Amino acid sequence: MFKKICVIGMGYIGLPTASTFAIHGVQVVGVDVNPSVLQALNSGNVHIQEPGLRALAEQAFASGNLRLSAEPEPADAFIIAVPTPAAPPAAGGDPQAELGAVVAASEAILPHLKAGDLVMLESTCPPRTTLDLVAPILEHSGLRAGTDFLLAYSPERVLPGRILQELTENARVIGGVTPASAEAGRELYGLFVRGEIVLTDATTAEMVKLMENTTRDVSIAVANEFARLAEQVGVDVWEAIALANRHPRIHILRPGPGVGGHCVSVDPWFLVQAVPGQAELIRTARRVNDGQPRHAARLIERALGGLAQRRIAGLGLAYKPDVDDLRESPALEVARLLAEAGAAVRTYEPYTPERTAPGAQTASSLEEALQGAQAVVLLVDHRAFRELDPGRAAAAMPGRIAVDLRGVWQPAAWSAAGFTLHTLGVGARRG
Ligand code: SAJ
């Protein structure tokens with residue numbers, strides 16, 4: 001039934017999805033409104049760093065099944081995989097979902113929609129978006145959603161760094177505006193998904209996605225709050241978490257400088273906005289995690305006895321280890337806060353060495369970042385930084401202060417190299 005599909009949005013989700021369908025024999029038109037994305041892909045440059053993606057995209061183009069276009073065209077199915085960021089409204093207040101790209105994609109599909117087609121929304125959206133926003137736009141065609149054409153929501157749940165594997169192996173939830181819509185979605189994704197495919201209604205599927213990322217955000221918030229408390233009461237939170245996690249039903253996540261990325265730090269706001277005044281726990285957790293970069297900056301300030309004129313090497317800027325993605329990165333925010341307070345900050349991000357935080361300088365190697373530094377701060381626990389030999393740091397920098405915001409550096413090794421190590425979540429033991 002699905003001989004030809006259009007995938008709208010050639011980003012982190014759209015490109016892997018389009019390529020995977022293509023190598024499974026489906027004719028795919030990959031659509032993006034950004035000419036530079038199309039240009040890059042057409043000249044063989046995959047603009048997203050993700051293990052295996054370049055090879056997959058090359059295979060998809062070589063198969064002849066994947067081609068690119070600035071606009072959708074008639075197809076059996078349309079998949080919408082466009083960004084849905086959140087931003088505070090002009091008047092201020094909590095961030096709100098920006099659904100302009102979903103509206104634009106739906107409007108672009110409209111002229112090509114015909115009876116029997118399937119439209120599948122994958123972008124993370126506030127509850128009821130499929131029913132209340134996408135369906136009415138598509139019904140301008142004169143066709144009825146769920147009867148004349150099929151409409152469903154299926155959240156992507158892949159973890160950056162493991163996208164290709166999780167795309168095929170994860171369980172997939174498909175919520176239709178009618179059962180027939182969900183069934184059509186099962187047929188579509190069944191072409192390559194090996195995980196279980198579970199059917200529900202569209203709004204439940206939207207909630208499922210938001211609940212997953214919100215649960216993660218709230219869990220990280222409580223870990224961050226434990227870290228702040230531990231610092232005050234004189235406990236090592238990492239030891240305490242390890243011990244608590246020996247309880248068979250407890251799994252406390254890791255504290256850190258905050259929550260970043262375009263998902264976990266954004267999606268909870270879609271639930272907060274859904275029913276004003278109802279989601280106070282979720283809202284507070286967001287505020288705790290958003291306050292964590294400032295908490296980390298204060299920790300660094302205490303370690304250095306001030307920030308003005310202090311020379312600081314910041315290791316890593318990505319939103320989490322071993323990815324190149326800087327979106328909503330708390331590391332970036334910590335570096336920005338340090339620079340704003342007058343410190344001379346030099347950062348080194350091995351995946352994107354040309355990038356740095358506002359007010360900071362960029363280093364193109366670890367040694368260059370450490371040169372002249374009074375303190376070295378672990379912002380992101382990329383593998384190379386986790387395994388950093390303190391002796392190498394001692395040889396490259398004059399200062400002997402180290403700050404670990406990720407709880408991965410071994411105090412004994414740093415102390416043996418002459419450093420005083422300050423770790424987030426570790427209070428001075430008393431009595
Ligand atoms: N983080 C902590 N402590 C932890 C775990 C994570 O501070 O114990 C921080 C990370 O450093 C990072 C942020 O949280 O800044 C988010 O990282 P993550 O690994 O939790 O999640 P993402 O954003 O890379 O991917 C999430 C995943 N969702 C869940 O695990 C519930 C993924 O499955 C989703 O597909 C993805 O969001 C998405 O696209 O929504």
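Tutor: Domain bounds are those of an automatic or database domain assignment. The model is predicted, so to speak of local features requires pLDDT of at least 70 and side-chain atom pairs count only at pLDDT 80 or more, whereas totals for chains, interfaces and linings use all residues. Residues are numbered from 1 along each chain as its sequence is written, and side-chain values use heavy atoms, with hydrogens and water left out.

Student: Into which domains is the protein divided?

Tutor: Taken over C-alpha atoms, the centres of the two parts, domain 1 and domain 2, are separated by 33 Å. With contact meaning heavy atoms within 4.5 Å, 27 residues of domain 1 touch 26 residues of domain 2. The division is into domain 1 (4-195) and domain 2 (201-431).

Student: Why does the ligand lie between domain 1 and domain 2?

Tutor: The shell around the ligand has nine nonpolar, three polar and eight charged residues, where Asp, Glu, Lys and Arg count as charged, Ala, Val, Leu, Ile, Met, Phe, Trp, Tyr, Cys and Pro as nonpolar, and the others, Gly among them, as polar. The ligand lies between the domains because residues of that shell are given by both domain 1 (4-195) and domain 2 (201-431).

Student: Which residue has a polar side-chain atom 2.4 Å from an oxygen atom of the ligand?

Tutor: Polar contacts here are pairs of N or O atoms within 3.5 Å. A ligand oxygen is 2.9 Å from a side-chain N or O atom of Lys-320, and one is 2.6 Å from such an atom of Tyr-319. The residue at 2.4 Å is Arg-216.

Note on methods: A polar contact is a pair of N or O atoms within 3.5 Å; within protein, one must be able to donate a hydrogen and the other to accept it, and residues adjacent in sequence count only if both atoms are side-chain atoms.
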